[in-house]
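Hi,

Here is the structure I said I would pass on. Have a look at it first, and my notes come after it.

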Amino acid sequence: MDDLSTYQGAIEIFRKVNCVSERENCIFGAIVDFSKSDEFTGSMIGNGALGPVGYVVGGAIGRERDLRTSRIYDFLFVLFDFTETGVGIMPLSGGGLKINPEKLTPCYDGFVYYYYQELSDIKVKNYYGIRKSVKSITITLIDGKKLHFTANMSENRLPYQINGMSRFVERYQKNCFL
């Protein structure tokens, strides 16, 4: 049984997909930000231009782009592991409005790994520019496609969240006031 509630359990989850580093493992949970996905954007633009039919067509076109980018948008929650060679993203299936280890299970078939050479940028900003306790994360692939996430600096049910997020923010957030 996979255990998301402990750091050692999270390491074991990533060990199963060969995404554990001897030196650096920065692990934390995040929520997939659908509002910035191509599918959502395409749907809203299509709806504004052509009404309900445009919503369906725009969503389908955006969905195709999202699927080519990553399977991540099929899930609501993910677990990150930033290593010295790249980033592993483990989708978590299950329900709830918050990250709850008891209700979430890793989806090993949906796991993706990006070497840093495949990424053009990683940005971390305060959520809406003002909430320091919540971060907006954007990972830009070398081909220009983007993955969007939000993550709390601390999660009550993930004791390793604050340590992982602190290290991640220190490394990738350029200006703490943005």
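Predicted model: local features only at pLDDT ≥ 70, side-chain atom pairs only at ≥ 80, totals over all residues.

Below is what turned up, going from the overall fold to single residues.

The protein chain has four helices and eight strands, and from the N terminus they run α-β-α-α-β-β-β-β-β-β-β-α. Of its 178 residues, 47% are buried. If you take the contacts between residues at least 6 apart in sequence, 56% of them join residues at least 24 apart. The accessible surface is about 9,600 Å², with 55% of that belonging to carbon and sulfur atoms.

Now the inside. The largest nonpolar core has 28 residues, and the ones that touch the most other members are Phe 28, Phe 80, Phe 82, Ile 89, Ile 139, Phe 149 and Phe 168. Quite a list of elements supplies at least two residues each to this core: strand 1 (26-32), strand 2 (77-82), strand 3 (86-94), strand 5 (112-115), strand 6 (119-127), strand 7 (131-141), strand 8 (146-152) and helix 4 (161-172). There is also a second, separate core of 16 residues, with Ala 10, Ile 11, Cys 19 and Leu 158 among them.

Beyond its neighbours within four places in sequence, Asp 33 is in contact with Tyr 73, His 148, Phe 149 and Thr 150.

Next, helix 1 (7-15). Its buried residues are Gly 9, Ala 10, Ile 11, Ile 13 and Phe 14, and these pack against strand 1, strand 2, strand 3 and strand 4 (104-106). On the spacing of such positions, an α-helix has 3.6 residues a turn, so residues three or four places apart point the same way.

The loop between helix 1 and strand 1 holds two residues I would look at. Asn 18 lies in that loop, and its phi is near 60°, a positive value in a residue other than glycine. For context, most residues other than glycine have a negative phi. Asn 18 is exposed, with a relative accessible area of 72%.

Val 20 is in that loop too, but counts as partly exposed because its relative accessibility is 24%. Leaving out neighbours within four places in sequence, Val 20 is in contact with Ile 11, Phe 14, Arg 15, Asn 25 and Asp 81.

Last, the pocket. The largest one holds about 200 Å³ of space. Its lining includes Ile 31, the run Gly 96, Leu 97, Lys 98, Ile 99 and Asn 100, and also Glu 155, Asn 156 and Arg 157. By class, that lining has three nonpolar, five polar and four charged residues.

Cheers

Key. Residues numbered from 1 in each chain as written. Heavy atoms only, no water. Buried < 20%, exposed > 50% of the residue type's maximum accessible area, 1.4 Å probe, protein only. Contact = heavy atoms within 4.5 Å. Areas by Shrake-Rupley, 256 points an atom, 1.4 Å probe, with all protein chains shown as cover. 1 Å grid on protein atoms, 1.4 Å probe; cavity = no way out; pocket = protein on both sides within 12 Å on 5 of 7 lines; lining within 4 Å. Points joined across faces, edges and corners; volume = space filled by probe spheres on them. Nonpolar A, V, L, I, M, F, W, Y, C, P; charged D, E, K, R; others polar. Core = buried A, V, L, I, M, F, W, Y, C linked by side-chain atoms within 4.5 Å.
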